[in-house]
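The following exercises are meant for a reader who meets this structure for the first time. Each one sets a task and then works through the solution step by step.

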Amino acid sequence: MTRAYNFSAGPATLPEPVLRQAQAEMLDWNGVGASIVELSHRGAEFMGVAAQAEADLRTLLSVPDDYAVLFLAGGATTQQALLALNFAAPGQTVDYVVTGHWGKTAIRQVRPYVDVHVAADGEPGGFRDIPPRQDWSLSADAAYVHITANETIHGVEFRDTPDVGTVPLFADFSSSIASAPLDVSRYGLIYAGAQKNLGPVGVSVVIVRRELLERAGQPRADIFNYASHAARDSMLNTPPTWNWYLLGLTVKWMLEQGGVEEFARRNAAKAALVYDAIDGSGGFYRNEVAVPVRSRMNIPFFLPDETLTTRFVAESKAAGLLALKGHKAVGGLRASLYNAMPVAGAQALVGFMRDFQQRHG
Ligand SMILES: Cc1ncc(COP(=O)(O)O)c(C=O)c1O
């Protein structure tokens with residue numbers, strides 16, 4: 001069996017040791033005679049898996065004690081809607097900084113509940129840059145300020161945490177969580193779908209300052225209430241146990257590999273390889289994002305025409321480099337370089353890019 005290099009934006013490549021361990025434990029987890037996916041979430045076995053995953057994630061991300069960590073079904077989009085229900089009064093103003101597709105999605109999820117104020121918008125510039133902080137028009141009375149830490153489709157990333165004063169900063173870290181050191185205490189809330197850097201699709205992580213859970217928010221069912229989930233250790237109902245277990249294995253693997261400092265080093269090396277290949281191609285490959293905010297996780301790039309793009313996708317796939325087709329919203333190509341992508345994968349991609357240019361440039 002050969003495993004290809006998989007550049008999918010999500011669900012994305014997982015570390016091979018994690019998949020092998022899951023395979024080995026599939027029929028009989030830890031000698032109990034059943035798979036972990038067949039055991040009650042309230043039993044000692046799964047409770048142990050869940051608690052270890054949380055403890056390891058807290059270690060990996062240096063999560064302060066006054067933050068709750070929730071493991072929830074529903075994906076990042078569901079969390080986007082729940083932000084307003086949990087933290088803003090009906091009709092209250094919330095500030096959004098839009099730097100790509102997912103910032104717009106986040107706004108769509110809360111419009112029914114709150115008064116959305118777009119404090120800054122990168123769309124007039126084609127989402128090629130992050131509007132400078134001094135140009136943001138933040139509202140003094142906003143319930144929170146929302147940013148997308150890394151825009152998976154447009155390839156735009158906040159390299160630093162913006163200062164937004166006393167209003168809590170909420171951030172969608174779906175495609176960059178654990179890719180580099182992060183000061184959690186600068187944020188009121190961080191959320192991420194797991195399916196890029198943390199594990200499989202089907203579970204989302206929410207890291208929230210506990211005092212924010214005391215906010216009244218809006219009338220909502222218990223299942224949409226973060227405070228209820230926190231009070232019940234994310235076991236208000238049956239949690240996505242299989243996904244939580246796989247997330248735990250992935251986080252453990254990241255700790256064993258050296259943690260976020262090591263991944264920041266590897267991710268910078270991988271991104272530099274690919275951006276250098278693009279910038280050094282004499283215009284054959286193009287990435288249009290301003291250099292200081294280029295994403296280290298998702299690199300959209302373009303060829304001179306559609307015929308070459310189609311050929312690149314087909315030939316790269318045949319060469320064992322999967323899922324390089326760009327998102328339909330922007331077209332072109334995209335390489336996602338999450339933590340589980342080895343440096344050798346980026347080297348293989350760059351080798352292919354140079355070869356493709358020689359043959360078709
Ligand atoms: C940055 C970002 N936010 C939100 C989402 C939506 O996540 P989900 O499909 O888990 O709802 C994605 C999915 O790719 C994403 O990349």
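Helices and strands are DSSP runs numbered from the N terminus, a helix having at least four residues and a strand at least two. The structure examined here is a predicted model.

**Exercise 1. Describe the second largest pocket and the classes of residue in its lining.**

Solution. The second largest pocket holds about 270 Å³ of space. It is lined by 19 residues, and Phe158, Arg159, Phe173, Pro181 and Leu182 are the closest to its centre. By class, the lining of the second largest pocket comprises 10 nonpolar, 6 charged and 3 polar residues.

**Exercise 2. Which residues line the largest cavity, and into which classes do they divide?**

Solution. The count comes to 1 cavity of 30 Å³ or more. The largest cavity contains about 50 Å³ of space. Its lining is formed by Thr13, Leu14, Pro15, Lys196, Asn197, Thr250, Trp253, Met254, Tyr338, Asn339 and Ala340. These residues divide into 6 nonpolar, 4 polar and 1 charged. Domain 1 (18-256) and domain 2 (259-360) each supply at least three residues to the lining of the largest cavity.

**Exercise 3. Are helix 6 and helix 7 roughly parallel or roughly perpendicular to each other?**

Solution. The axes of helix 6 (residues 241-257) and helix 7 (residues 259-279) come within 7 Å and cross at roughly 80°. Angles of 65 to 115 degrees count as roughly perpendicular. Helix 6 and helix 7 are therefore roughly perpendicular to each other. On the side of helix 6, the contact involves Trp253, Met254, Leu255 and Gln257, which meet Gly259, Glu262, Phe263 and Arg266 in helix 7. The residues of this contact comprise 4 nonpolar, 2 polar and 2 charged.

**Exercise 4. Are helix 7 and helix 9 roughly parallel or roughly perpendicular to each other?**

Solution. The axes of helix 7 and helix 9 (residues 343-360) come within 9 Å, with a crossing angle of roughly 5°. Angles under 35 degrees count as roughly parallel. Helix 7 and helix 9 are therefore roughly parallel to each other. From helix 7, the contact uses Arg266, Lys270, Leu273, Val274, Ala277 and Ile278, and from helix 9 it uses Val343, Ala346, Gln347, Leu349, Val350, Met353 and Arg354. By class, the contact of helix 7 with helix 9 has 9 nonpolar, 3 charged and 1 polar.

Technical notes: Residues are numbered from 1 along each chain as its sequence is written. This is a predicted model: local features need pLDDT of at least 70, side-chain atom pairs count only at pLDDT 80 or more; totals for chains, interfaces and linings use all residues. Side-chain values use heavy atoms; hydrogens and water are left out. Axes are lines fitted to C-alpha atoms, for helices over the stretch in contact, and angles run from 0 to 180 degrees between N-to-C directions. Angles under 35 degrees count as roughly parallel, over 145 as roughly antiparallel, 65 to 115 as roughly perpendicular and the rest as oblique. Contact means heavy atoms within 4.5 Å. Ala, Val, Leu, Ile, Met, Phe, Trp, Tyr, Cys and Pro count as nonpolar, Asp, Glu, Lys and Arg as charged, and the others, Gly among them, as polar. On a 1 Å grid over the protein atoms alone, a cavity is a set of points where a 1.4 Å probe fits but cannot get out, and a pocket is an open set with protein on both sides within 12 Å along at least five of seven lines; lining residues have an atom within 4 Å of a point. Grid points are joined across faces, edges and corners, and a volume is the space filled by probe spheres set on the points. Domain bounds come from an automatic or database domain assignment.
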